[in-house]
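Dear colleague,

I am handing over the structure below, and my notes on what was found in it follow directly after.

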Amino acid sequence: MAGREISDEYLDGYARILAEVSATGRRLNRDELRSRRALGERAAEDGHGLRALVGMHLAATRDAWPSGAAADSVLAAVQQAIDAFAEGYEQAQRLAVRQEEAARREFIDDLLYGRSDLGRLAERAERFGLRLARAHAVAVADARTAYDEAGPVSRQVEQALLGRFGDRRILFTTKDGRLVCVAPGDQDDVLTFFAKQAYAATDGGRVAIGRPHSGPGGVVHSYEEALNALDLAERMNLDEPVLRAADLLVFPVLTRDRQAMADLVRSALGPLEQARGGAEPLIDTLTAYFDAGCNAAEAARRLSLSVRALTYRLDRIHRLTGSNPAEPMHRYTLQTAVIGARLLDWPHREL
């Protein structure tokens with residue numbers, strides 16, 4: 001490391017090896033190569049830079065150059081020794097990287113699943129740039145294919161985040177094939193930027209952002225909200241590219257009493273199963289009608305129907321259910337029931 005004095009312990013036996021090899025012209029033996037590798041591993045573990053270590057070896061070569069030795073034999077020995085030393089150094093670094101990756105992955109799993117002691121989790125989080133005493137929010141980008149941290153898409157998004165925000169205590173990772181970004185709860189600009197980058201990098205993958213929550217358990221809470229928002233968007237056919245859990249709170253409220261919602265769906269929409277073709281086409285009609293703000297012409301366009309055909313379907317719904325979609329009170333009941341049907345995946349699933 002810059003500014004640190006490097007001990008000559010990493011040159012242990014080096015001068016002797018040069019002297020013996022120059023005198024005999026032999027190559028380094030197995031034990032000598034092993035000792036060089038071991039010293040390289042120790043130097044890496046102690047945190048020294050390879051460039052400085054190689055420079056130290058070259059300086060020691062000048063000091064210990066055997067008198068009258070043939071340059072070829074000495075340089076060949078230097079090459080062998082430094083190569084073995086660098087091999088040990090690089091092996092130790094690879095092991096350290098794998099251990100760091102394993103520790104990071106274990107931390108991320110514990111963080112997003114809440115499987116660790118919260119106090120211990122907060123301590124480990126400091127190592128990865130998070131202060132869990134603060135509020136954090138999580139954004140999750142879904143995609144058509146699974147992504148991992150080493151892939152080009154993940155690297156592209158991560159580099160964009162680092163280039164824009166630098167070290168802002170942001171954690172970027174992947175989980176279950178999705179891109180995940182954890183940021184302080186008061187830095188919504190980070191998650192908004194992540195959403196834009198992820199949407200572009202994944203060729204239109206949807207992004208969900210959980211609400212900020214405090215404490216070690218806040219991250220997993222926000223992460224679960226983001227996942228639930230993605231699941232909700234799939235079931236409700238929401239087409240917004242970026243979803244915020246804060247904007248979707250009405251849906252968990254509606255399904256908090258699942259039995260009550262199922263009773264409403266059966267009561268309000270169950271009679272539609274008597275229609276030719278079943279309930280689904282008429283539920284689709286109601287969905288388009290309500291999504292269009294109860295504008296019959298717009299709903300007909302969305303369904304590729306004539307206005308007359310749409311009006312016929314609405315009349316059919318009125319006759320079967322006794323509820324008129326055009327009347328405010330009936331409309332509220334029918335619209336709530338339609339939302340419930342989509343949330344409960346009815347009529348594809350039994351209530």
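There are 3 aromatic pairs in this predicted model, where rings of Phe, Tyr and Trp (its six-membered ring) pair if their centres lie within 6.5 Å, and planes under 30 degrees apart count as stacked, over 60 as edge-to-face and the rest as tilted. The ring centres of Phe165 and Phe193 lie 5.4 Å apart with their planes at 85 degrees, so this pair is edge-to-face. It joins distant parts of the chain, since Phe165 belongs to helix H6 (residues 152-165) and Phe193 to helix H7, 28 residues apart. Phe165 is buried at 9% relative accessibility, and Phe193 is buried at 14% (buried means under 20% relative accessible area, exposed over 50%, partly exposed in between, with a 1.4 Å probe and protein chains only).

Helix H7 (residues 188-201) also lies across S1, S2, S3, S4 and S5, running at about 165 degrees to S3; contact means heavy atoms within 4.5 Å, axes are lines fitted to C-alpha atoms, for helices over the stretch in contact, and angles run from 0 to 180 degrees between N-to-C directions. Helices (H or I, at least four residues) and strands (E, at least two) are DSSP runs, numbered from the N terminus.

These strands form an open sheet of 5 in the order S2-S3-S1-S4-S5, with mixed pairing (two strands pair if DSSP finds at least two bridges between them). Strands S2 (171-175) and S5 (242-244) are at the edges with a single partner strand each, so one side of each has no neighbour in the sheet.

Residues are numbered from 1 along each chain as its sequence is written, and side-chain values use heavy atoms, with hydrogens and water left out. Local features need pLDDT of at least 70 and side-chain atom pairs count only at pLDDT 80 or more, whereas totals for chains, interfaces and linings use all residues.

Best regards
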